[in-house]
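Hello,

Here is the structure we spoke about, with its sequence. My notes on it come after.

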Amino acid sequence: FRSCPLERVSSDAVTTILHKMMEEKMEKKCRGEYERSFLSEFHEWIGKVIGWLSKVFLQDKNAVSLTPESSSTLKQWCCHVQRFFYRIYASMRIEELFSIIRDFPDSKPAIEDLKYCQIGR
C-alpha cells in the first residue's frame, strides 16, 4: 500500500472516516443490547472493509501479486482497525457495566465480548 500514492495522501482521511463509521455502527447496533455477542458480526464487517481498502489502494491487484511491502501494510491496516474496534467496544461495554451486571445472567454474551476485547485478542 505505502507505495500507492492514493494511500499516502488519503490514509488520514480514510482512518477518520472508518473510525466514525465504526463508532456509529456500534452505537446503533450494540448500545443497550447485552443478550447476544456482536464480535463475529463486526469481524465480518472489518474483513469487508479491509477487502475494500485493498481493492482501492492496490488498484484491484489480486492477492497473488501482492508485494511483501503491500501485504505488510494491509496487515497493519487490519490490525489498526481491529484494535480500534476492541478499544471502543470495550469502552462502550464498560460504560454500560452497571446495566450489564443488573441484567445478568441474560447479559453473559456482553460480558464474554468484553472479556475477549480486554484479554483475548
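Residues are numbered from 1 along each chain as its sequence is written, and side-chain values use heavy atoms, with hydrogens and water left out.

Confidence

pLDDT is the predictor's confidence in each residue, on a scale from 0 to 100. The chain has a mean pLDDT of 82, and 79% of its residues reach 70 or more. Helices (H or I, at least four residues) and strands (E, at least two) are DSSP runs, numbered from the N terminus. Where pLDDT is low, the predicted coordinates should not be read in detail.

Nonpolar core

A nonpolar core here is a set of buried Ala, Val, Leu, Ile, Met, Phe, Trp, Tyr and Cys residues joined through side-chain atoms within 4.5 Å. Buried means under 20% relative accessible area, exposed means over 50%, and partly exposed is in between (1.4 Å probe, protein chains only). The largest core has 26 residues, of which Met22, Met26, Leu53, Phe85 and Tyr89 touch the most other members. Two or more residues come from each of α1, α2, α3 and α5, and α3 gives the most, with 10. Leaving aside neighbours within four places in sequence, Met22 is in contact (heavy atoms within 4.5 Å) with Phe42, Trp45, Ile46, Val81, Phe84, Phe85 and Ile88.

Salt bridges

A salt bridge is counted when a side-chain nitrogen of Lys or Arg lies within 4 Å of a carboxyl oxygen of Asp or Glu. The structure holds 10 of these. One network of salt bridges links Glu27, Arg31, Arg93, Glu95 and Glu96. In it, Arg31 pairs with Glu27, with 2.7 Å between the closest N and O atoms. Both are partly exposed, Arg31 at 31% relative accessible area and Glu27 at 39%. Arg31 also forms a salt bridge with Glu96, at 3.8 Å from N to O. That pair links distant parts of the chain, 65 residues apart: Arg31 is in the loop between α1 (5–30) and α2 (39–57), and Glu96 is in the loop between α3 (68–95) and α4 (97–102). Glu96 in turn meets Arg93 at 2.6 Å, N to O. Glu96 is buried at 6% relative accessibility, and Arg93 is buried at 0%.

Cis peptide bond

Most peptide bonds are trans. Phe104 and Pro105 are joined by a cis peptide bond, with omega about 10°. Pro105 lies in the loop between α4 and α5 (108–120).

Cysteines

How many disulfides (pairs of cysteine sulfur atoms within 2.5 Å) does a search of the whole structure find? The search finds 0. For Cys78, the nearest cysteine sulfur is that of Cys79, 5.8 Å away. Cys78 is partly exposed, at 24% relative accessibility. For Cys117, the nearest cysteine sulfur is that of Cys30, 9.9 Å away. Cys117 is buried, at 0%.

Regards

Technical notes. Predicted model: local features only at pLDDT ≥ 70, side-chain atom pairs only at ≥ 80, totals over all residues. Disulfide = S-S within 2.5 Å.
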